Amino acid sequence: MSELSHVDREGRARMVDVSTKNDTTRIAVAAGELRTTAEVVGLVRADDLPKADVLSTARIAGIGGAKKTAELIPLCHQLALSSVRIEFGFTGTAITIEATVKTKGPTGVEMEALTAVAVAGLTLHDMVKAVDPAATLTGVRLLTKEGGKRGHWTREADTEQRVSAHRAGEDHSAGAAQASMPSAEPELGRAERSAVVLVASTGAAAGTRTDTTGPILAEWLAGLGFSVRGPLIYADAEIVLGLSDALRFEPALVISTGGTGPSPTDATPEATLAVLDRELPGVAEVIRQRGTAKFPLAALSRGVAGLAGRSVIVNLPGSPGGVEDGIAALEPLLDHLLTQVAGGSDHGDN
C-alpha cells in the first residue's frame, strides 16, 4: 500500500512540499447531486422558487468555494485558478452538479473541484429547503484529473456504477423503512436514457456571450424523459476535449451545437469524425434539409452524425433556429434510432 502523502513518518499531518515539482496544466472534474422531489426539480428548472436565480446563485457559490479551498481544507496549497466551470443537469428527482477546475502549477486541483461541487450543492440545499427540507446532497466524487507525472486519471466505469448502485440501495432501504408513509416523490421506474448537451462556443466559454442553444436542447431532452448532463460549454479550439468529456460515461446520446460552419475556427465536424466508428449520413442530411427549407444558408452547415460505440452523436448548428430545426428533424427518428443502437428490434430498417 502506498504511503499517505499528507502524513509524515511519525504519523503527523503535514503539508506536502511541492517546490521541486514542475508546473503543468492541471484539470480536475468532480460531480455530485442534490436529491430532492420532482416538484422541486420542476420549480428550479422553471426558475419559480421564492428565492430566485437558484442555479446562478449556486454557481457563483461553487466558484467562490473553489477559490477558498486552501482556507477550508487545512493542508491544501493556495493555487491561482485559471478557470472554474460549474454545470447543472436534471433527472426526475435530482439536480446534478459538475465542476471543472483548471490551473497551471505544481499540484493538482482535485480538492478545488470537489469543494466547488460541495459548496454549490449546499447552496442549492439552502435555496430549496423551504420547499423540501429533506433534500440530500450526495455522490460528491472526483471524475477525472489531468496533469503532473501521473498524467490522466479517470474514475473507472465499474466504480461509478457501484456509486450509483449504493445510492439505489440507500433509496430501497429508505423506501422500505417508510413504506407506510405517504411520499411526495414518484417511484423511480425504468432506467432513464442518458444524454449530453455539448456547446462549441469560444465566446460562451470565455463568458463574453450567453449561450441560448444548450438550454433549448436540455429542456427538450428532459421533456422526452432523458437524464441530461450539461450543457457542457467548450471553446471551438477545445471541442476535442469537449467530446471526450461528453462521451466519458457512454451516454446514449450526445447532441452538440456550434462549430459546424465554414469558418477556420469551426472544428466540430472534424472532431466528431475522429471519434465515430460509423457515420449516420442520412441523419445529418435530414437536419440540413429541414434547415435549408426555411433558411438557404443552412446548407453551409457541415454537421455530421454517427456512432461512437453505442453513443449516438449529432452535430447541430450554433443558432436557436438551427437547433429548433434539428429538434424537429430528430424527434421522429430518435426513439427508433436509440432502440436499434441499444440492440432492439431491427424492423423498419429500410
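I started with a charged pair: Glu 98 forms a salt bridge with Arg 229, and their closest N and O atoms are 2.7 Å apart. By salt bridge I mean a side-chain nitrogen of Lys or Arg within 4 Å of a carboxyl oxygen of Asp or Glu. Glu 98 sits in strand E3 (residues 94–105) and Arg 229 in strand E7, so this pair ties together parts that are 131 residues apart in sequence. Helices (H or I, at least four residues) and strands (E, at least two) are DSSP runs, numbered from the N terminus.

A note on what I'm looking at: this is a predicted model, where local features need pLDDT of at least 70 and side-chain atom pairs count only at pLDDT 80 or more, while totals for chains, interfaces and linings use all residues. Residues are numbered from 1 along each chain as its sequence is written, and side-chain values use heavy atoms, with hydrogens and water left out.

**More on the charges**

Are Glu 98 and Arg 229 buried or exposed? I found both of them buried; that means under 20% relative accessible area, with exposed being over 50% and partly exposed in between (1.4 Å probe, protein chains only). I then saw that Glu 98 and Arg 229 belong to a salt-bridge network with Asp 245 and Arg 248. My search of the whole structure gave 13 salt bridges.

Another one joins Arg 288 to Glu 285, at 2.7 Å from N to O. These two are 3 residues apart in helix H10, so about one helical turn separates them. Arg 288 is buried at 17% relative accessible area, while Glu 285 is partly exposed at 36%.

I also looked up Arg 35, which forms a salt bridge with Glu 33, with 3.6 Å between the closest N and O atoms. Arg 35 counts as buried at 19%, and Glu 33 is buried at 11%.

**Strand E6 and what follows it**

Why do I call E6 largely enclosed by the rest of the structure? Because 6 of its 7 residues are buried. E6 runs parallel to E7, with 6 bridges joining them, and parallel to E8, with 5 bridges. For pairing, DSSP must find at least two bridges between two strands. Val 199 stands opposite Ile 233 in E7, and Val 197 has Ile 255 in E8 as its bridge partner.

Next I checked Ser 201, in the loop between strand E6 (194–200) and helix H6 (202–206). Ser 201 counts as buried at 7% relative accessibility. Leaving aside neighbours within four places in sequence, its contacts (heavy atoms within 4.5 Å) include Arg 209, Ile 233 and Asp 236.

The peptide bond from Gly 230 to Pro 231 is cis, with omega near 10°. Pro 231 lies in strand E7 (residues 227–234). Glu 250 has a positive phi, near 50°, although it is not a glycine. I placed Glu 250 in the loop between helix H8 (239–246) and strand E8 (253–257), and it counts as exposed at 68% relative accessibility.

Leu 300 is in the loop between helix H10 (281–294) and strand E10 (305–308), and it is partly exposed at 48%.

**The whole chain**

How many helices and strands are in the chain? I get 11 helices and 11 strands. Of the chain's 350 residues, 43% count as buried. Among contacts between residues at least 6 apart in sequence, 74% join residues at least 24 apart.
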